[in-house]
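This briefing covers a sheet, the pairing of its strands and the surroundings of a ligand. The model is predicted.

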Amino acid sequence: MKQLLIAFPVVFLFLICCTLTAAQSPAAAPALSIPIVPSGPTITTAAPAPAAGPASVTAILKKDGRFSVFIKLLQSTKVDDTLDSQLIDSNNGLTVFAPTDNAFSNLKTGTLNSFTDEQKMELVQFHVLPTHISPSQFQTASNPLRTQAGGSPELLAMNVTAIGNMVNITTGETNTSVANTIYDDNQLAVYEVGKVLLPLRFYEPLPPPPPSPPPPKKSAPKASPVSVAPVDSSTDKCLFKKMFHAMACVVLVMAAFP
Ligand SMILES: *[C@@H]1O[C@H](CO)[C@@H](O)[C@H](O)[C@H]1NC(C)=O
Ligand SMILES: *[C@@H]1O[C@H](CO)[C@@H](O)[C@H](O)[C@H]1NC(C)=O
Ligand SMILES: *[C@@H]1O[C@H](CO)[C@@H](O)[C@H](O)[C@H]1NC(C)=O
């Protein structure tokens, strides 16, 4: 009878100990969920150009006959469609600096081919200002001028200085001047430039991104200090632990019921 009274709490405590031991076994690591964010530039598809209507940049350049490389770039990057629909949708107008075929052939050999598709697009957009600037307005334009390429004002902008009819342009990489007015209807202005305007951004490293705080250091969960021996196999460890707990329980019970 007395043995039974002792046996019951022993079994009971043993069960508690075993449950504790089981609870200590490491849970499966939660699966890392990495949110998938769509990346890459969003390219807005331009509406199809109407058959008739406002001036088309490429049509104006084609008529002149000295801008075949620039026209090819406008078309391959689809910037021409964007410009044509901008002329319809926006009241700000556009200004285009068109480099002649001569300007392109004066580039260092292989320059254009060394550009990625994205850079070619940026290059074309860099030759466009999203506002109409008449020849006389260059004298009061505030530098740097924001181009259609957007981006950092230091590396993707151009400065103009104008005295009288002379308009100089600098990008930090290219110095040139406006050679001619090809077209101007108070909405769209197309100017001939003597050089391809190279954005400084293609040649200068981007400013470093702001430093992000280091990820908080997570202290790895420490192994239970009750480990009896440094056994590597987790099965063995578990067995040792269980045995240790069982023994501890028996000692406890024996102490409780002397
Ligand atoms: C434009 O550049 C030329 C050659 O560098 C220079 O002689 C002229 O003074 C400049 N004009 C303006 C308006 O800055
Ligand atoms: C353009 O003008 C701005 C403002 O005057 C100046 O800070 C910047 O250095 C100029 N950049 C170039 C390439 O001349
Ligand atoms: C452009 O012109 C400026 C001022 O005249 C000069 O300091 C700079 O070195 C020139 N840059 C290039 C690439 O020719």
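Ile169 has Thr176 of strand S6 as its bridge partner, and Thr170 is bridged to Asn175 in S6. The strands involved, S5 (residues 166–170) and S6 (residues 175–184), run antiparallel and are joined by three bridges.

**Hairpins**
- Four residues lie between S5 and S6 in their hairpin, and Gly172 in the turn has a positive phi of about 95°.
- S6 also pairs with S7, in the antiparallel sense, over five bridges.
- Thr181 has Tyr191 of S7 as its bridge partner.
- The hairpin of S6 and S7 has three residues between the strands, and Asn186 there takes a positive phi near 70°.

**Sheet and helix**
- Seven strands make up an open sheet with mixed pairing, in the order S2-S1-S7-S6-S5-S4-S3.
- Strand S2 (128–129) and strand S3 (145–146) are at the edges with a single partner strand each, so each has one side without a neighbour in the sheet.
- Helix H2 (residues 57–64) lies across strand S1 (94–99), S6 and strand S7 (188–193), and runs at about 100° to S6.

**Ligand 1**
- The residues surrounding ligand 1 are Thr161, Ala162, Ile163, Met166, Asn168 and Ser177.
- Strand S4 (157–163) and S5 each supply at least two residues of this shell.
- S4 gives the largest share of the shell, three residues.
- By class, three residues of the shell are nonpolar, three are polar and none is charged.

Methods
Residues numbered from 1 in each chain as written. Chains lettered and ligands numbered in written order. Predicted model: local features only at pLDDT ≥ 70, side-chain atom pairs only at ≥ 80, totals over all residues. Pairing = 2+ DSSP bridges. Contact = placed C-beta atoms within 7 Å. Axes fitted to C-alpha atoms, helices over the stretch in contact; angles between N-to-C directions. Near = placed C-beta within 6 Å. Nonpolar A, V, L, I, M, F, W, Y, C, P; charged D, E, K, R; others polar.
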